[in-house]
Amino acid sequence: MKIQKIQNTSIDSVVKTLESGGLVIMPTETVYGAFVDATNKKAVEKLTKFKSRPFGKPYSVAVADQEMASRYVFLNKMAKRLYKNFLPGPLTIISKGKHKVAEGVESESGTLGIRIPNHKFVLEVVRKFNKPITATSANPSYKKRPYSVDDILNNISVKQRKCIDLIIDAGELPKNEPSTVIDTTSEDLTILRQGDIKFSRKNEVVSRSPENTQNIAKELWQKYEQYLGSRSIVFALEGEMGAGKTIFTKGLAKAVGVKETITSPTYDLEHIYYINGKRVFVHIDTWRMQDPEEFDDLSFDKRILDKSIIVLEWADKVHNKIRRYAEDALIVWVKISYGKRSNERLINWTTL
Amino acid sequence: MTILAIDTSCDETAAAITKETKVMSNVIWSQASLHAKFGGVVPSLAQRHHEEKIDWVISRAIKKARTGFNEINAIAVTVGPGLAIALEVGIRKAKEFSNKYNLPIIPVNHVEAHLFSPLAISSSLQQEAGLSTLKFPVYGLVVSGGNTLFVLARKFGEYKILAKTSDDALGEALDKGARMLGLGYPGGAVLERFARQGNPLAYKLPIPLSGQEKRMVFSYSGLKTALYRLISKQKEENLDKKIICDLAASYQYTAFQHIYRVIDFYLSSLPEPDASKLFIGGGVTANLEFRKTIRGLCKKHKIKAFFPYSKKLYTDNAAMVGVCAFLREKHLGNSYVNQGLIDRVPNLQLP
């Protein structure tokens with residue numbers, strides 16, 4: 001492993017390391033990223049080992065420009081518009097892949113996330129390398145976001161350290177959010193992770209009965225169902241006592257295929273249901289937790305890795321804890337509030 | 001038959017020694033135990049960190065019963081329903097002692113244990129006193145923070161669920177009502193104190209599923225919502241102590257009326273001819289008004305109500321687990337289960 005100051009590093013030396021299958025850590029406009037040749041299977045395996053994450057979770061890649069992107073993915077109208085308006089910049093755009101990258105880079109459903117970093121050094125490297133390189137944050141799964149080389153080195157094992165070939169040190173980076181991740185493969189644009197680029201939209205409906213609330217939950221499920229299997233789907237519910245969080249969960253569970261009656265998990269904290277004996281539907285209630293730390297006792301990491309469907313009541317209490325999983329799960333924030341009339345509820349949701 | 005019983009199904013860390021249906025000791029870890037000697041180890045205050053408390057609770061149960069492992073014949077442990085990570089601690093401990101002292105393990109269903117908790121008797125009583133009340137079929141009612149269940153037990157291990165909650169448990173609904181009224185958590189007991197000073201008919205809250213008793217379902221989500229609305233409205237005017245007492249009394253009254261009506265419907269329309277007893281267990285049993293309501297109901301239908309003899313048997317505890325394990329062995333036999341087969345079952349149902 002070699003650490004070099006950015007001002008002393010030539011673009012050619014980085015390109016050479018990448019060409020020989022090496023793992024390079026470089027600064028970007030967001031965080032330090034871990035880069036390997038995205039078309040080299042061995043190099044990608046090395047990266048997976050470094051990130052210590054399960055095989056099957058896709059990587060986004062960095063390219064130099066839209067032309068280069070179009071060699072690897074199909075760009076639809078929506079994607080082209082986003083490229084034009086936001087790239088280079090902290091935005092990852094998911095499109096349908098052309099299967100020209102190494103196995104494990106595209107998602108199981110064949111989509112690929114592309115990013116054009118707004119960072120001169122990295123852009124020059126990609127341009128010269130003339131192939132996409134993986135663009136993932138340089139921290140192992142669930143560890144601190146890397147804003148400095150120390151953030152990385154202090155949080156990894158000797159084994160992980162051995163995976164790194166070259167580190168380009170640009171000192172402490174400004175604390176910018178990771179890139180916003182947008183999926184353009186479905187009919188309407190879905191934000192999978194919120195960064196500094198924000199796309200605002202108002203999703204709000206009025207429910208006039210418990211049955212109505214259940215149906216809204218079902219419709220919401222149908223909207224995001226396509227991500228089932230590729231990542232965990234978390235419905236983070238907020239709303240006052242008696243607003244209908246458990247009622248909403250009942251509708252969701254029915255839509256997902258849970259056969260049992262959903263009852264309040266307030267006392268047990270967590271109820272687990274199996275769908276066809278296989279996929280897991282987890283219903284968590286944080287109301288009785290005196291301390292958000294108690295949430296960590298529930299093996300939430302594992303539920304996310306298992307790509308479970310998770311419903312969380314009183315999610316506002318563990319807001320920051322859930323945010324940590326923004327990269328690995330689709331998080332749908334649902335807020336239920338009392339309306340003017342006695343049976344009315346306002347339900348709004350966002351994936352931001 | 002002397003049993004060491006362990007229960008770590010959710011919040012409480014509990015251990016007990018039972019002899020047949022006699023409770024020799026019944027220890028529940030509490031904040032107060034902190035002041036007792038703790039062998040130099042100060043456990044985390046987090047309620048559900050059983051790991052740090054279980055050894056102390058078990059050794060205390062053994063000591064209080066003035067017994068030792070040489071006199072214990074079996075270990076009973078709750079395997080469900082409950083919180084997986086919590087159940088696991090008790091089960092691991094049971095296996096550890098089972099190996100160390102070569103004792104068989106009897107896995108116990110927590111809800112079944114609540115159901116038969118009225119059979120537990122004080123160690124000063126004659127042995128037969130508890131068991132003589134057990135003649136099947138019997139009705140059972142478990143009302144706690146996690147369960148609200150009305151069943152018919154045809155015999156030990158064979159239950160017909162007559163009604164259960166479709167959303168909140170009764171104890172949970174009382175706790176949440178207390179919180180809404182600003183009485184803290186867990187507030188069920190505080191709510192009862194305020195309710196005693198209030199007028200239960202001061203506010204008209206909708207009795208859940210009124211007129212739909214034949215559905216045989218308990219539900220508290222609507223009542224909770226109604227209380228929320230009522231409190232919001234009152235806040236605009238004035239919310240003094242008298243109003244809080246009246247609200248508490250009305251809410252509690254309505255919550256109990258719902259249970260009363262559902263069970264009353266069943267006993268009036270399709271009662272089991274041979275069942276003449278109702279066993280009641282679970283934390284809500286501690287509520288005097290609730291007991292009064294149930295007694296009135298039983299009187300009307302000429303059946304006898306049985307409540308646990310001690311307060312410590314109402315909420316989660318291990319003595320009821322020991323008693324239940326004994327009953328299982330007595331009625332079904334073969335209750336010892338191979339260690340390897342014992343595992344937590346967070347969503348265990350009644351058989």
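This is a predicted model: local features need pLDDT of at least 70, side-chain atom pairs count only at pLDDT 80 or more; totals for chains, interfaces and linings use all residues.
1. Residues are numbered from 1 along each chain as its sequence is written, while chains are lettered from A and ligands numbered from 1 in the order in which they are written.

2. Chain B holds ten helices and twelve strands (DSSP runs numbered from the N terminus: H or I of at least four residues, E of at least two). Its radius of gyration is 21 Å, close to the 20 Å of the globule rule for 351 residues, so chain B is as compact as a globular protein of that length. The radius is taken over C-alpha atoms; the rule is 2.2 Å times the number of residues to the power 0.38. The C-alpha trace spans about 65 × 55 × 35 Å along its principal axes.

3. Now the interface. 23 residues of chain B are in contact with 20 residues of chain A (C-beta atoms, placed from the backbone, within 7 Å). On the chain B side, α5 (170-180) and α7 (221-237) each give two or more residues. α7(B) gives the most, with five.

4. In chain A, an open sheet of seven strands runs β13-β19-β18-β14-β17-β16-β15, with mixed pairing (at least two DSSP bridges per pair). β13 (204-207) and β15 (270-275) of chain A are the edge strands. Four bridges join β13(A) to the antiparallel β19(A) (345-350); A:Val206 has A:Leu346 as its bridge partner there.

Definitions and conventions:
Two residues are in contact if their C-beta atoms, placed from the backbone, lie within 7 Å.
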